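Trainee: I have a new structure open and would like to learn how to read it. Could you walk me through it?

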Amino acid sequence: MDEQTGGPPVRRTGSEVPTGHPTVAVADLHVRYQTSSTERTTRHPGQPRRRVLHRLLERNPQVQVRALSSVSFVARSGESIGVIGRNGSGKSTLLRVMAGLETPTRGSVRAQSTPVLLGVNAALMPELSGERNVELGLLAMGLSPREVEALLPEVIDLAGIGDSIHLPMRTYSSGMGSRLRFAIAAAANPEVLLIDEALATGDAAFKERSEEKMTELRRNAGTVFLVSHAAQTVEEMCTRAIWLDLGRVVLDGPAYETAQKYRWWSWNVARGNHEKARVLLATAAEEQRLATEPDA
């Protein structure tokens, strides 16, 4: 019996791979930035002329946003780590910092090799065919022309977009483009692969192929990070999950158990059970504190 849903237990389908040496160490990571906000002028509507003038001049008050706060963890080879949390929890910011695309306000990220970030918005050339984009993408990742030629059929097969591979990228749906980006990034067998939502756009066949590829990467001493709003995807494809909320780590543990707790919390939030959700969040955070703090 599943303690969260009351139904039969869900079998974990993620492939198990032995873990090895550390590949990424994140230590006390903080990301803060300033941005404009209309909140203050909205709260004080008594001066409409000043409010309109500020908006026209783009002089809205500045507020500080804490995208990440005190995030720390160590990832090891053979792990597939899902990063879950509601919108604005800091998931994509974490991946961008790990990839070196964003500078943290405080803290550090140390990686065995440069992490490769695969995002849904990763830039490809829309006027070129998918096949040509594969070739250019692999060359940009440091592969030789001979290696590109050898890998091309494998990448096309993994993407699974059929004859569309010969059409310009501008004709692709967002899902097709995401699948092609995943196939390109995974083909180079990076030691650390960061995936931001790309797998949420595929069908069942692509999901199976991508899971097999992720398992292959991990068996080759790689580590995969997967950001997804779909907790079930994390349950099925990951061995570990990190639950973020408002930039902080709520819980870091086995993928299935952590994702189940996140799903139960989300279910209560969606239905307006705010007190129940608050207790669930606090319980998970206390579990994390007891697991990480040394005994007194």
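This is a predicted model: local features need pLDDT of at least 70, side-chain atom pairs count only at pLDDT 80 or more; totals for chains, interfaces and linings use all residues.

Trainee: How many helices and strands does the protein chain have?

Mentor: The secondary structure comes to ten helices and nine strands. Of the 296 residues in the protein chain, 43% are buried.

Trainee: What share of the contacts in the protein chain with a separation of 6 or more joins residues 24 or more positions apart?

Mentor: That share is 75%.

Trainee: Now the helices. At what angle do H9 and H10 pack?

Mentor: Helix H9 covers residues 255-270 and helix H10 covers residues 274-292; they pack at about 155°, and their axes are 8 Å apart. Angles over 145 degrees count as roughly antiparallel, so H9 and H10 are roughly antiparallel to each other. The crossing of H9 past H10 is left-handed.

Trainee: Which residues of H9 and H10 meet?

Mentor: From H9 come Lys 261, Trp 264, Trp 265, Asn 268 and Val 269, and from H10 come His 274, Lys 276, Ala 277, Leu 280, Leu 281 and Glu 287. Sorted by class, this contact has six nonpolar, two polar and three charged residues.

Trainee: And how far apart are the axes of H5 and H6, and at what angle do these helices pack?

Mentor: Their axes are 8 Å apart, with an angle of about 140°. That angle makes H5 oblique to H6. H5 passes H6 in a right-handed crossing. On the H5 side, Leu 151, Val 155, Leu 158 and Ala 159 make the contact, while H6 brings Arg 179, Leu 180, Phe 182, Ala 183, Ile 184, Ala 186 and Ala 187. By class, the contact of H5 with H6 divides into ten nonpolar residues, no polar ones and one charged.

Trainee: Which residues of H7 are buried, and what do they pack against?

Mentor: The buried residues are Phe 206, Ser 210, Glu 211, Lys 213, Met 214, Thr 215, Leu 217 and Arg 218. They pack against several elements, among them strand S3 (80-84), helix H5 (145-159), helix H6 (174-187) and helix H8 (231-237).

Trainee: Let us look inside H8, then. Is Thr 233 buried or exposed?

Mentor: Thr 233 is found in helix H8. Buried means under 20% relative accessible area, so Thr 233, at 9% relative accessibility, counts as buried. Leaving out residues up to four places away in sequence, Thr 233 touches Lys 207, Leu 226, Ser 228 and Cys 238.

Trainee: What is the relative accessible area of Asp 28, and the relative accessibility of Ser 70?

Mentor: Asp 28 has 31% and is partly exposed. Ser 70, at 35%, also counts as partly exposed.

Note on methods. Residues are numbered from 1 along each chain as its sequence is written. Side-chain values use heavy atoms; hydrogens and water are left out. Axes are lines fitted to C-alpha atoms, for helices over the stretch in contact, and angles run from 0 to 180 degrees between N-to-C directions. Helices (H or I, at least four residues) and strands (E, at least two) are DSSP runs, numbered from the N terminus. Angles under 35 degrees count as roughly parallel, over 145 as roughly antiparallel, 65 to 115 as roughly perpendicular and the rest as oblique. A crossing is left-handed if the near helix is turned anticlockwise from the far one by less than a right angle, and right-handed if clockwise. Contact means heavy atoms within 4.5 Å. Ala, Val, Leu, Ile, Met, Phe, Trp, Tyr, Cys and Pro count as nonpolar, Asp, Glu, Lys and Arg as charged, and the others, Gly among them, as polar. Buried means under 20% relative accessible area, exposed over 50%, partly exposed in between (1.4 Å probe, protein chains only).
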